[in-house]
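Work through these exercises on pockets, a cavity and a helix pair. Try each task before reading its solution.

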Amino acid sequence: MTGKRESKKRAVRKALYDAAHTLIERDGYDAVSVDQIVAAAGVAKGTFFNHFPSKADLLAEWYADVIARTRIEPPELTGAPLPRRLTALALRSSDLAAASPRMWQAKHMHAVATPSVQAAESQADRLVAGDIAGMIAASADAGALPASTDAAAMADLVVTLVTGSIREWLTSGQEGRLEDRVESRLSRLCALAGYQALAAEPEDR
């Protein structure tokens, strides 16, 4: 019985999330009300607040889903130079978010006032930084970076550099290709760290 209740609860939550995502991408975040979401999901209004404290909390769930998909590295990047792999990982969340531009815009707008979105962003930074540190550590083990490289510290720098580059690009009218800007800066960072590309790049730790 408990299993059925949990399954139904998950189904209702997904219905609310899917309805909200569809409506927001169609009409814009501010134009969509909780009443419209529950009507589209076919549930009572009170049910919404059993799953999400506010409409803005939907954005946290959406962003967590984007990050989960971000961390699955495409097979074609295996063996690519470290700056290329770092760029692809760092920007994949932006690419996935771009598929839902109104959700992405709303996430940025409401992060300051929504603790769940802030928590999702912090968790995303930790997870992605961990993945980046794994790439860096593997490169150091293989000799592409100095053995003394502090993988965690360098990963923090990568996250900071990428985050700053994305914000700069968004506020500067999206001039040029974001990927080119980020890869150029990551290449310089890797060069400063002593990176030398290998004929065959290592697998991650």
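The exercises below concern a predicted model.

**Exercise 1. Describe the largest pocket: its volume, its lining and the helices that supply it.**

Solution. 
- Step 1. Start with volume. The largest pocket holds about 500 Å³.
- Step 2. Turn to the lining. It is made up of 23 residues. Nearest the centre of this pocket lie Tyr 63, Lys 107, Asp 125, Thr 163 and Ile 166.
- Step 3. Trace the helices. At least two lining residues come from each of α4 (57-70), α5 (82-98), α6 (101-110), α7 (115-142) and α8 (151-171).
- Step 4. Sort the lining by class. There are 14 nonpolar, five polar and four charged residues.

**Exercise 2. Do likewise for the second largest pocket, and find which element gives the most to its lining.**

Solution. 
- Step 1. The volume of the second largest pocket is about 250 Å³.
- Step 2. Its lining has 14 residues, and Leu 91, Arg 92, Ser 94, Asp 95 and Glu 179 are the closest to its centre.
- Step 3. Two or more lining residues come from each of α5 and α9 (178-192).
- Step 4. The element that gives the most is α5, with eight residues.
- Step 5. By class, this lining has eight nonpolar, two polar and four charged residues.

**Exercise 3. How many cavities of 30 Å³ or more does the whole structure have, and what lines the largest cavity?**

Solution. 
- Step 1. The search finds one cavity of 30 Å³ or more.
- Step 2. Five lining residues are nonpolar, one is polar and three are charged.

**Exercise 4. Work out how α7 and α8 are set against each other, and which residues make their contact.**

Solution. 
- Step 1. The two axes come within 8 Å and cross at roughly 125°.
- Step 2. Angles over 145 count as roughly antiparallel, and 65 to 115 as roughly perpendicular. The α7 and α8 pair is therefore oblique.
- Step 3. The crossing of α7 and α8 is right-handed.
- Step 4. On the α7 side, the contact uses Asp 125, Ala 129, Ile 132, Ala 133, Ile 136 and Ala 137. From α8 come Ala 151, Ala 152, Met 154, Ala 155, Asp 156, Val 158 and Val 159.
- Step 5. By class, the contact of α7 with α8 has 11 nonpolar, no polar and two charged residues.

Key. Residues numbered from 1 in each chain as written. Predicted model: local features only at pLDDT ≥ 70, side-chain atom pairs only at ≥ 80, totals over all residues. Heavy atoms only, no water. 1 Å grid on protein atoms, 1.4 Å probe; cavity = no way out; pocket = protein on both sides within 12 Å on 5 of 7 lines; lining within 4 Å. Points joined across faces, edges and corners; volume = space filled by probe spheres on them. Helix = DSSP H or I, 4+ residues; strand = E, 2+ residues; numbered from the N terminus. Nonpolar A, V, L, I, M, F, W, Y, C, P; charged D, E, K, R; others polar. Axes fitted to C-alpha atoms, helices over the stretch in contact; angles between N-to-C directions. Parallel < 35°, antiparallel > 145°, perpendicular 65-115°, else oblique. Left-handed = near helix turned anticlockwise from the far one by under 90°. Contact = heavy atoms within 4.5 Å.
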